[in-house]
Amino acid sequence: MTPTRSSRDRQRPFWYLRRRRAQLQADVDEELRVHLEMRTDELVRQGMSREAAAGEARRQFGDLDYTRRYCLEQGTRKETRMSRRLDFSELHQDLRYSVRAFARKPGFALVAILTLALGIGANTAIFSLINGVLMRPVATPNPERLVVIREDLPGLNLLDTPLSPPEILDLSARTDLFTNVTGYQPFAWNLSGSDGGVRVEGAVTVGDFFEVFAVRPYLGTLYTSEHSRNGQHQVVVFSYGAWQTYAGGDPRIIGQTVQLDGVPRVVVGVLPPSFQYPRNAQVYKPANLPPQALRMRGTLSMTAVARLRDRVTLTQLASQLGTEATRWNEQYGGGKALFARPFAEYHAGRLRRVLFVLMGAVVMVLMIACANVGNLQLVRTVSRARELAVRSALGAGKGRILRQLLVESGVLALVGGGLGLSLGALLLRALVRWDASQVIGVGAVRLDGRVLGFTALVSILAALAFGTLPALRAMRTDLQRTLRDEGRGTMGSIGRARLLRGSVVVQIALALVLLTGAGLLIRSLDRLLDSDIGFVSADLVAAQVALPGVKYDSVSKQSAFYATVLERLRTMPGVTAASIAWALPFSTQTGDSNPLEIVGRAPRPGDPAMHAEYRVVDGDYFRTMGIPLLRGRTFEPSDDMTSAAGTVIVIDDLLARQFFPGEDPIGRRIRHGRGEGTVIGVVGSISQRQVDEPRQKAVSYYHFRQTRSVLMAIVVRSARDLGAVAQMIRASVHESDPELPVYDIATMEKRVDSSLGDRRLAVAALAGFAGLSVLLAVLGLYAVLSHTTERRKPEMGVRMAVGASPGQVLRLVMRDGLLLSSLGILFGLAAAVILTRLMEGMLFGVGARDPLTLVVSTALIAGVTVLGTTLPAWRAARVNPLTAMRSE
Amino acid sequence: MALPRPRLPLLQGSLDLLVLSSLSGGQSHGFAVANFIRTRSGGTLQVEDAALYQALHRLEGRGLVSAEWGVSENNRRARFYELTTAGRKRLGEEVTNWRLYARAVSAVVQGV
């Protein structure tokens with residue numbers, strides 16, 4: 001008796017279990033059938049008829065059916081247990097084998113891991129930004145249930161405005177839609193303490209501010225919506241940062257009184273450190289809403305945030321807001337339209353588009369990285385053909401070898417992913433430090449569980465992407481034949497070469513797309529930096545000062561203060577000009593837009609409503625800023641409260657053209673934000689908030705000696721550095737009033753620049769990713785050409801032996817490389833033309849198909865690919881025909 | 001014609017011992033094990049074939065015996081069972097236990 005143990009038990013492919021149950025059943029049946037036959041035979045030998053014997057055998061056996069099921073169950077149990085053990089030990093084996101294989105060729109593993117780490121790291125960093133900025137803009141549970149509600153007033157040509165406090169309270173009555181509603185207005189106060197005053201930023205709120213964000217007190221209690229209405233609005237809540245900075249983290253702050261703009265307020269609570277909203281807010285205070293304030297539905301000052309009830313969808317909300325607006329319009333007039341936007345989307349603003357473009361870019365970088373590592377894997381499997389064939393001959397099934405190759409890819413991807421995570425964290429830290437001024441607000445972005453999960457997923461996908469194709473390719477080669485042929489020649493199949501070359505073409509094409517995108521953004525930024533903002537930002541420093549209304553309670557006291565400070569500044573060394581302004585361009589001060597009337601001209605029905613912004617300045621403002629005076633005159637010190645001519649107004653060129661087309665505005669009277677006055681001059685218009693926003697809002701200027709001016713910016717033109725000018729401004733202010741904080745000191749250039757923060761982020765990141773992708777693509781091209789020329793060495797030897805010159809061989813390889821590069825450029829240009837259209841909204845002054853950008857990127861790619869081709873070609877040309885042929 | 005010898009039902013738990021010891025001489029298929037038990041006990045021990053196969057598969061499931069297909073003496077394909085190392089060890093323990101048990105029972109019974 002010779003039991004033949006099938007080799008099946010030793011080499012189980014991984015789909016083994018599924019087929020196994022049917023096999024078990026067949027085995028059991030067969031075994032029992034054989035038993036019955038043997039018993040029957042025995043009985044026949046003892047003299048029974050075959051028929052009777054068969055019956056007797058069945059009878060003697062007992063319960064056949066139950067036994068069948070019992071045996072099958074036992075068998076299944078054993079199989080499961082064993083295959084689990086087996087799979088695990090095989091995986092372990094594969095892992096050890098992979099690590100050993102990498103250790104033998106550390107160069108390959110190193111290059112592959114670094115390439116992957118760069119690709120995965122870039123993805124991790126950008127996803128962290130998206131996660132932080134778009135998905136979790138504020139530390140609150142379920143941020144996706146938060147919406148910001150805004151309104152349009154088409155009749156007044158006012159779009160996308162904040163809401164008024166009574167409107168927000170009306171919305172909070174809609175408990176069918178919202179669990180809580182709040183409104184807030186960013187605000188700033190002079191906080192006075194023992195060591196002079198400081199300027200603190202914060203928010204004035206109505207409604208359930210802390211409930212909407214589901215924030216709990218770190219210390220004390222938080223005020224509620226009631227505090228706005230029952231005269232208990234003299235309370236404040238400190239942020240954790242404010243508590244640390246201004247109270248030294250002393251818990252006894254609760255119940256203490258602080259002075260905000262000279263008014264006493266009681267600190268009732270401190271927020272946890274995780275809650276930082278609105279950005280930079282340090283102090284929170286309930287709005288004071290006396291009954292008359294509840295009738296003022298025109299003070300559109302508050303950003304409304306609401307938490308949606310479960311099951312209320314954005315579509316339902318939109319229709320309900322329509323109903324609500326209709327009700328308001330019927331009751332109060334105004335022709336308003338309400339709309340809601342997801343909170344995260346509203347707050348990401350312009351950054352949203354930037355982040356999506358960057359995400360697209362890093363996906364491309366990862367694709368290039370995967371293509372590159374895939375090529376490396378492919379080349380490596382070729383040189384390992386012999387090793388694989390030996391393993392196969394030793395009994396490893398195809399499935400087992402395929403799995404081994406995939407495990408190797410997995411190991412690469414995991415190590416690359418781990419390294420990528422660190423790289424991503426570094427990149428993120430650099431970004432956050434770069435954005436220290438919080439222009440784009442990435443300070444709160446960090447790596448969390450979601451980012452880790454994302455990185456893991458990307459790594460696995462990458463492993464599948466670059467591992468599967470080479471592994472399957474290796475499977476298609478005849479391993480047995482490889483063994484016979486000693487691994488020479490057979491694996492240099494046309495199909496594999498096509499795969500290698502195709503992936504090089506794809507890499508070059510993707511790199512070109514990224515390069516074009518980066519080029520377009522660079523050109524846009526360049527145009528923006530060159531574009532005319534209407535004033536000269538160089539050598540200008542601005543700082544803000546706020547006068548407490550309690551102490552400076554009249555226009556004359558206020559103007560006297562500023563006049564004295566300006567007098568002082570103008571005599572200081574190095575100061576060319578000094579002036580003051582409320583609503584400084586490119587600052588946190590926001591100018592209000594107000595209805596404007598021209599005295600003596602009745603609005604014709606159907607005319608669009610006239611709206612403009614106003615400013616309060618001194619007469620030297622235009623000269624200081626470098627804004628040209630186009631007609632008439634600017635303010636004189638004599639234009640004050642006692643002037644016989646009354647209030648005088650300077651308008652900008654935009655206002656003149658919009659509302660006085662073909663007329664001379666000088667001498668005309670207009671009624672605007674600070675009352676009625678006579679137009680005395682026309683000045684040039686300037687950009688107010690963004691360089692790339694078209695100038696649409698007209699502006700009128702009032703004189704500070706004729707109107708309230710508590711909150712002003714001091715603007716100084718001086719060639720001296722920021723520190724020196726800041727010192728001069730502080731000294732001049734403190735000589736008049738040592739308690740006044742001077743804050744937000746920065747050069748105008750810095751302010752203008754900051755408004756371009758999101759663009760700089762986009763340019764820096766995209767340019768970096770483009771550079772990386774070009775580098776990877778060229779390395780990829782170089783690697784493939786080196787590999788193929790290496791494999792073709794014998795052929796080159798023959799060519800040279802029969803008379804080809806080294807130059808001809810050089811040209812042969814160069815032609816090969818340049819063909820790949822040209823194909824890549826061709827596909828890349830086609831893809832770039834399609835994909836850059838998605839960036840159109842981010843471009844300024846250049847079209848998505850800007851020929852210069854396309855030409856320069858193409859030339860750049862062509863140039864570096866020539867470099868990547870030359871070295872392998874030169875090497876091929878130096879082949880010694882004799883040695884090359886001998887190696888055959 | 002001699003009276004048939006009395007046929008005794010199997011004591012609980014002793015079937016595994018019987019199967020293991022039938023395999024102590026080497027590989028064997030189920031039919032051979034059944035005949036071996038029958039012959040060795042002079043026909044006294046009645047083991048139903050169904051119970052025997054269940055025992056074989058149970059022991060295989062516990063890793064005490066292993067099985068593989070082979071060819072029987074009559075050129076039939078049959079499933080051959082063999083003691084594993086664990087099975088050999090278990091057989092030793094079971095035999096010792098059985099001897100202790102049998103001796104104890106005999107000692108008690110002899111007093112009757």
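## The contact between chain B and chain A

In this predicted model, the contact draws on 28 residues from chain B and 28 residues from chain A, where contact means heavy atoms within 4.5 Å. The two chains bury about 2700 Å² between them, with 52% of it on carbon and sulfur atoms; buried area is the accessible area (1.4 Å probe) that two parts lose on being put together, summed over both. On the chain B side, Phe31(B), Trp69(B) and Arg76(B) lose the most area to chain A, and together they account for 25% of what that side buries.

## Salt bridges across the contact

Between chain B and chain A there are five salt bridges, each being a side-chain nitrogen of Lys or Arg within 4 Å of a carboxyl oxygen of Asp or Glu. One of them joins the side chains of Asp41(A) and Arg76(B), at 2.2 Å from N to O.

## A buried threonine in chain A

Thr836(A) is buried, with a relative accessible area of 2% (buried means under 20%, exposed over 50%, partly exposed in between, with a 1.4 Å probe and protein chains only). Leaving aside neighbours within four places in sequence, Thr836(A) is in contact with Thr516(A), Gly517(A), Leu520(A) and Ala848(A).

## Basis of the values

Residues are numbered from 1 along each chain as its sequence is written, while chains are lettered from A and ligands numbered from 1 in the order in which they are written. Local features need pLDDT of at least 70 and side-chain atom pairs count only at pLDDT 80 or more, whereas totals for chains, interfaces and linings use all residues, and side-chain values use heavy atoms, with hydrogens and water left out.
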